[in-house]
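Q: Could you take me through this structure by setting each label against the definition behind it? I would like to see how each conclusion is reached.

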Amino acid sequence: MNSVSVLIPTLLRPLVEGRSEVVLPAEAPMTVGGILDRLSEGRPLLERRIRDETGALRRYVNIYVEGEDVRRLELLDTPVEPGDTVMVIQSVAGG
């Protein structure tokens, strides 16, 4: 399979045309950072909701590659293979 599936949480779906999944072409291995770059092309608000001004993941955003938390791997340098599933989870604050 020459693509990567990115699962989008409900709160971010309005920023990706209401989709729950975005399939990105992936002819070769990429990184989580590269996937986020592609996902946010033409979507600056989505970029700001996922990464801070330094490019790091926001505290309340968790990303999993094939079920593994990238914070326990290589963060934005975590490899993503064609056929992998990347899941974005945005924590909801409240009380």
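**Labels and their grounds**

A: To begin with the strands, β1 and β7 run parallel to each other and are joined over three bridges, and in this pairing L7 has M87 of β7 as its bridge partner. The model is a predicted one, in which local features need pLDDT of at least 70 and side-chain atom pairs count only at pLDDT 80 or more, while totals for chains, interfaces and linings use all residues. Residues are numbered from 1 along each chain as its sequence is written, and side-chain values use heavy atoms, with hydrogens and water left out.

Q: Why is helix α1 described as largely enclosed?
A: Buried means under 20% relative accessible area, exposed over 50%, and partly exposed in between, with a 1.4 Å probe and protein chains only. Seven of the nine residues of α1 (residues 32–40) are buried, and therefore the helix is largely enclosed by the rest of the structure. The buried residues are V32, G33, G34, I35, L36, L39 and S40, and their cover includes β1 (3–7), β2 (21–25) and α2 (44–50).

Q: What makes the 25 residues a nonpolar core, and which have the most contacts inside it?
A: The term is used for a set of buried Ala, Val, Leu, Ile, Met, Phe, Trp, Tyr and Cys residues joined through side-chain atoms within 4.5 Å. The largest such core has 25 residues, and those with the most contacts inside it are V6, V32, L36, L39, I50, L57 and I63. Two or more residues come from each of β1, β2, α1, α2, β4 and β7, with α1 giving the most, four residues. In soluble globular proteins, nonpolar side chains tend to be buried together.

Q: How do you know which residues V32 touches?
A: Contact means heavy atoms within 4.5 Å. Not counting residues up to four places away in sequence, V32 touches I63, V65, V70, L75, L76, T78 and V80.

Q: Why is D69 not assigned a salt bridge?
A: A salt bridge needs a side-chain nitrogen of Lys or Arg within 4 Å of a carboxyl oxygen of Asp or Glu. The nearest side chain of opposite charge to the buried D69 is R72, 4.8 Å away, so D69 has no salt bridge. D69 lies in strand β5, and a polar atom of the D69 side chain is 2.9 Å from the backbone nitrogen of R71.

Q: What is the corresponding case for D84?
A: D84, in the loop between β6 and β7, is buried and also has no salt bridge, with R38 as the nearest side chain of opposite charge at 13 Å. The backbone nitrogen of E81 lies 2.8 Å from a polar atom of the D84 side chain.

Technical notes:
Pairing = 2+ DSSP bridges. Lys, Arg positive; Asp, Glu negative; His and termini not counted. Polar contact = N/O pair within 3.5 Å; in protein donor to acceptor, adjacent residues only side chain to side chain.
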